[in-house]
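Here are my notes on this model, point by point. Have it open while you read.

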Amino acid sequence: MERRRLLKHGLAAAGGLLVLRRGGLARAFLGACPPLEESGPTLPGIRIAEHRYSRPLLIPPVMPRAGTHQELDARFDDYEIAVRQLEQHVLPTALGLLPTTVWGYGSIHAPETFSYPAFTIEATWRRPVRVKWINDLKHPVTGRFLPHLLTVDPTLHWANPPGGLDGRDMRPTFSGDCPPAPYDGPVPIVTHLHGATAVRQESDGYPEAWYLPAARNIPPGYAKTGTFYDHYKRTSPLGHLWEPGSAVFDYPNDQRATTLWYHDHTLGITRLNVYAGPAGFYLLRGGPDDLPRGTLPGPAPAAGDRAGTRVYEIPLVIQDRSFNDDGSLFYPKRRGLPPDSTHLYIPRGDISPCWVPEFFGDVMVVNGRAWPYLEVEQRRYRFRILNGSGSRFLLLKMENGLPFWQIGSDGGFLPAPVERDTLLLAPAERADVIVDFSGVRAGAEIVLLNLGPDGPFPGDMAAPADPATTGQVMQFRVARATSRDTSTPPHRLGLPRLEPLGEPRAVRRLSLNEVSSDVDPEVGPREALLGTFSRPGSDDPRPLHWDDPVTENPATGSTEIWELHNFTMDAHPMHVHELQFQVIDRQPFDGAVRGPDAGEEGFKDTVIAYPSEITRIKVKFDRPGRFVWHCHILEHEDNEMMRPFQIGPMPTDIPKR
């Protein structure tokens, strides 16, 4: 049966928008095995939507620094930031539910700063930032580790602390007929600053550089750190500062002013860790690629702001989530194949029992609140928009047709402002936009719509989101201006000059692939893989796994064209660590070349690779080291759609398994 038709039947119970490709929900015991728990949110999004636009948008404050220090001729801003468990009212209070348990980053010196999403790190061009990232997912009194809020599938190629030093960062093997129980031990964490360039490999958040909390009850024999944590602690000039449950990273901030964000990047568990909440904005300002103060709408939130301070530059992280009737987060606990599919699950088969190919929640959450509203004045606003969803592509549109003036993307300002009726954002993409409310009557209410699909994105909008739930994002309430707007109208803005990358020295052909079950190909994808081709000039893709030998080894200082050949049926947001690239063009396998889409003319770190097309990007590799490129659909990233690459000579001391 054709996959799209089967997708329609893979719908979770109780209003959730869980996509389980080729198969419905199981509602019976799996033979003699213990039943895998049912997957379906018990609080439908439509019930939550009855109370939408009842609470104001939360605007993330600025993360407080722990201090500053001087090293040679550089002044560093210092932070000590932990991940902790907390309670927060994500859902409308009119539902009468307890707060939702989430995870969030915060300053260890200011307990009130722990939040979902995190407070914003404000950084300055060429002023380095040093962060001590702390895994504090343990009980504050007993010191015992906290288990995950969500179901961890131990059959993936993942961090695998129970494997010990010899079995960590592997896909475990299991015997018997029944799927193994979900992992319930301490949670591994490692933080990645998404979009940062010229970062040392030790500070990038490599997926195998994770670490457990310094809890008092880590089970004997568990690996407390990932393979590369130990390696990088030895090679990093900051390694002497790394303590149990933490790592210290430096960010040079020697790149164009732009919108970055930080989030977890642990091998095989990123989708769950990010869904639980820990993520935040990192805004880099200043330098020759920024605009003078006052040119753009502002101010932005600043350290020391008093309650009620008016700001006109606002970051927006848009995410989809689902919930249970007690207010807790819902995420699938199982793959959801039919009751007679026991033989397909690991260890008897090759399907991971708890991993799902994609997940689409039925509630839109902006800055940690479901369907909030924002009171705006009759003036211009600057919004830094991030699609922080795991799988969902967004197509944003103002209900009244008010345009977005896009001035920047992942890597800073565009060559010129672009007037857009809609904004397409894949997971992890950012858009820096100006919206002018000055011509809207006071008292008007405008809904920010989402026209993107409630399922995998094939490259068209044939099936838009449910207009009653995920088709609405937030509401703007227009009020009279309280002061004169002195910012420059967007159509008159002159943006900083864009320096193009140099001529490429090589063209690298890469493949995006989807692999079906060897036991029963009709049940849907087993995993998604990146890869190369079987031989030069061939059109026969060669899918590779995470732990296959490195195939991308560009020389330090070189510039290359990467051709991303997408052999799957869906679009994938492809992210390359350590650099910002330029989108060159796209070409259907059997069609003509077309240039970059609107809003892609600047620098990017994440690009949409459409199905049955070649997406070409120009990439320059400056700093030597081991980094990764991957799909930013987090379910794909967690199940093999990620590959390491090495800039510069292949080191001889890289950990081997």
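1. Pro299 sits in the loop that runs between strand 9 (279-285) and strand 10 (313-323). For the element names I follow DSSP runs numbered from the N terminus: helices are H or I with at least four residues, strands are E with at least two.

2. Before going on, some ground rules. This is a predicted model, with local features needing pLDDT of at least 70 and side-chain atom pairs counting only at pLDDT 80 or more, while totals for chains, interfaces and linings use all residues. Residues are numbered from 1 along each chain as its sequence is written, and side-chain values use heavy atoms, with hydrogens and water left out.

3. Another cis bond to look at joins Ile346 to Pro347, with omega near 20 degrees. Pro347 belongs to the loop between strand 11 (329-330) and strand 12 (363-366). As background, most peptide bonds are trans, and most residues other than glycine have a negative phi.

4. On phi, check Tyr53: it is not a glycine, yet its phi is positive, about 60 degrees. Tyr53 is in the loop between helix 2 (45-49) and strand 1 (67-71). Is Tyr53 buried or exposed? Tyr53 is buried, at a relative accessible area of 10%. Here buried means under 20% relative accessible area, exposed over 50%, and partly exposed in between, using a 1.4 Å probe and protein chains only.

5. Ala198 also deserves a look, with a positive phi of about 60 degrees although it is not a glycine. You'll find Ala198 in the loop between strand 6 (191-194) and helix 4 (227-235). Ala198 counts as partly exposed, with 26% relative accessibility.

6. Helix 4 has Thr227, Phe228, Tyr229, His231 and Tyr232 buried. What do the buried residues of helix 4 pack against? They pack against strand 7 (246-251) and strand 32; a contact means heavy atoms within 4.5 Å.

7. Strand 32 (residues 625-631) turns up again as a partner of strand 27: three bridges join the two, and they run antiparallel. Val576 stands opposite Trp629 of strand 32. Strand 27 is also joined to strand 30 (residues 606-609), antiparallel, by four bridges, and there Met574 has Val607 as its bridge partner. Strands pair if DSSP finds at least two bridges between them.

8. Strand 27 (residues 572-576) is mostly covered, with five of its five residues buried. His572, Met574 and Val576 point one way, Pro573 and His575 the other way, and all are buried. In a regular strand, side chains alternate between the two faces of the sheet.

9. Now the whole chain. The protein has six helices and 33 strands. Its radius of gyration is 24 Å, close to the 26 Å that the globule rule gives for 657 residues, so the protein is as compact as a globular protein of that length. That radius is taken over C-alpha atoms, and the rule is 2.2 Å times the number of residues to the power 0.38. The C-alpha atoms fill a box of roughly 70 × 60 × 55 Å along the principal axes.

10. Of the 657 residues, 64% count as buried. Among contacts between residues at least 6 apart in sequence, 76% join residues at least 24 apart.
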